[in-house]
Number of protein chains: 2
Amino acid sequence: MTAEERERIRQEVDEGACEFMHVHEEIVEKVEKAMPDEQQLLDLSEFFKVFGDSTRIKILYVLSQSEMCVCDIATLLQMGQSAISHQLRMLKQMRLVTFRREGKTVFYKLADSHIQTILAQGMEHIGE
Amino acid sequence: MTAEERERIRQEVDEGACEFMHVHEEIVEKVEKAMPDEQQLLDLSEFFKVFGDSTRIKILYVLSQSEMCVCDIATLLQMGQSAISHQLRMLKQMRLVTFRREGKTVFYKLADSHIQTILAQGMEHIGE
DNA sequence: ATAATATATGAATAGATGTTCATATGAATA
DNA sequence: TATTCATATGAACATCTATTCATATATTAT
């Protein structure tokens with residue numbers, strides 16, 4: 001593909017993008033080839049989004065200390081049962097927590113030790 | 001603190017929280033003691049929030065491949081220059097990227113190799 | 001079966017967030 | 001100095017998200 005062709009395509013495709021820019025062709029081409037699937041990057045951001053809310057971080061944190069039920073979590077975080085339950089649903093969907101039922105009570109825990117590693121990694125980063 | 005006192009305080013403090021719940025006292029007390037600062041957990045969620053947006057993930061990804069300027073990024077992501085610039089501002093504030101000016105152009109790169117580790121860790125997790 | 005209790009969930013609302021548009025700033029060049 | 005170009009930024013808007021409220025479901029006990 002020549003520079004001319006690329007320029008034409010760019011004008012057709014990137015209406016909104018900088019019209020007068022001076023792109024560094026080599027870099028762009030090189031990186032373009034190394035780009036993962038769009039979907040993979042979307043999944044990745046969805047994954048991190050789960051950690052990007054203080055309520056969910058707190059839930060994950062307390063569950064890293066011990067398995068516990070919904071009301072234990074609500075008590076610890078001083079939040080309503082419903083709010084916790086909604087968030088646990090999301091954490092379930094994202095496979096970050098698992099649960100077991102024992103009578104009327106549902107006990108939640110972290111799905112795997114991987115989660116703790118990520119939390120610790122984040123902690124490490126902000127403590128700098 | 002007796003169970004009675006705790007119950008009274010709970011009723012005063014946790015208006016919204018489950019009123020009829022049967023908290024598991026031992027667990028709650030143990031974990032309560034081990035809880036980090038509220039602020040630290042807020043910071044942690046703020047940190048992860050940055051990774052929880054697909055545009056920012058893409059920016060971080062392309063910068064993990066090579067230093068580049070705003071318009072290079074806009075071209076690669078097929079997005080407007082302004083959108084990228086706004087996001088770069090946030091990434092700057094969160095100290096995930098640094099930049100150097102060269103004439104009219106501003107080159108951005110990842111602030112440290114730590115960031116790549118976190119991205120890779122996330123990638124690893126979703127690929128399961 | 002009925003009541004009590006722990007959790008789940010749908011709808012509504014308020015607040016946060018990302019992109020766009022228009023424009024400003026800063027730097028090179030004529 | 002005026003112009004051009006790369007980037008930055010404020011305001012507006014639309015979308016997404018978290019919590020609350022009311023209520024449903026599931027399980028146990030009476």
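User: In β3(A), which residue is the bridge partner of A:M68?

Analyst: A:Y108 in β3(A) is the partner of A:M68. Helices (H or I, at least four residues) and strands (E, at least two) are DSSP runs, numbered from the N terminus. Two strands pair if DSSP finds at least two bridges between them. Here, two bridges join β1(A) to β3(A), and these strands run antiparallel.

User: What kind of model is this, and how are its parts numbered?

Analyst: This is a predicted model: local features need pLDDT of at least 70, side-chain atom pairs count only at pLDDT 80 or more, and totals for chains, interfaces and linings use all residues. Residues are numbered from 1 along each chain as its sequence is written, while chains are lettered from A and ligands numbered from 1 in the order in which they are written.

User: What is the mean pLDDT of chain A?

Analyst: pLDDT is the predictor's confidence in each residue, from 0 to 100. The mean for chain A is 86. In that chain, 84% of residues reach 70 or more.

User: Where in chain A does pLDDT stay under 50?

Analyst: Over residues 1-18 of chain A. Two residues are in contact if their C-beta atoms, placed from the backbone, lie within 7 Å. For residues 1-18 of chain A, the model has 15 contacts beyond four places in sequence.

User: In what order do the three strands of chain A form their open sheet?

Analyst: The order is β1-β3-β2 in chain A, with antiparallel pairing.

User: Why is one side of β1 and of β2 of chain A left without a neighbour in the sheet?

Analyst: Because β1 and β2 of chain A stand at the edges, each with a single partner strand.

User: How many bridges join β2 of chain A to β3(A)?

Analyst: Six bridges join β2 (residues 97-102) of chain A to β3(A), and the two run antiparallel. One pair to look at is A:R100 with its bridge partner A:F107 in β3(A).

User: Which residue takes a positive phi in the hairpin of β2(A) and β3(A)?

Analyst: A:G103, with phi near 65°. This hairpin has two residues between the strands.

User: Now chain B. What is the strand order in its open sheet?

Analyst: Again β1-β3-β2, with antiparallel pairing, in chain B. β1 (68-69) and β2 (97-102) of chain B stand at the edges, each with a single partner strand, so one side of each is left without a neighbour in the sheet. Six bridges join β2(B) to β3 (residues 105-110) of chain B. B:R101 stands opposite B:V106 in β3(B).

User: Which helix packs on that sheet of chain B?

Analyst: Helix α4 (residues 54-65) of chain B, touching β1, β2 and β3 of chain B. Axes are lines fitted to C-alpha atoms, for helices over the stretch in contact, and angles run from 0 to 180 degrees between N-to-C directions. The direction of α4 in chain B makes about 90° with that of β3(B).

User: How many residues does the contact take from each chain?

Analyst: It takes 51 from chain A and 51 from chain B. On the side of chain A that touches chain B, α3(A) gives the largest share, nine residues. By class, that side of chain A has 27 nonpolar, 16 polar and eight charged residues. Ala, Val, Leu, Ile, Met, Phe, Trp, Tyr, Cys and Pro count as nonpolar, Asp, Glu, Lys and Arg as charged, and the others, Gly among them, as polar.

User: Which residues come nearest to DNA strand C?

Analyst: A residue is near a molecule or strand if its C-beta atom, placed from the backbone, lies within 6 Å of it. Of the 28 residues around DNA strand C, A:C69, A:C71, A:S82, B:H22 and B:G103 come nearest. α6(A) gives the most to this surface, six residues.

User: And which come nearest to DNA strand D?

Analyst: A:H22, A:G103, B:C69, B:C71 and B:S82, of the 27 residues around DNA strand D. α6(B) gives the largest share of that surface, six residues.
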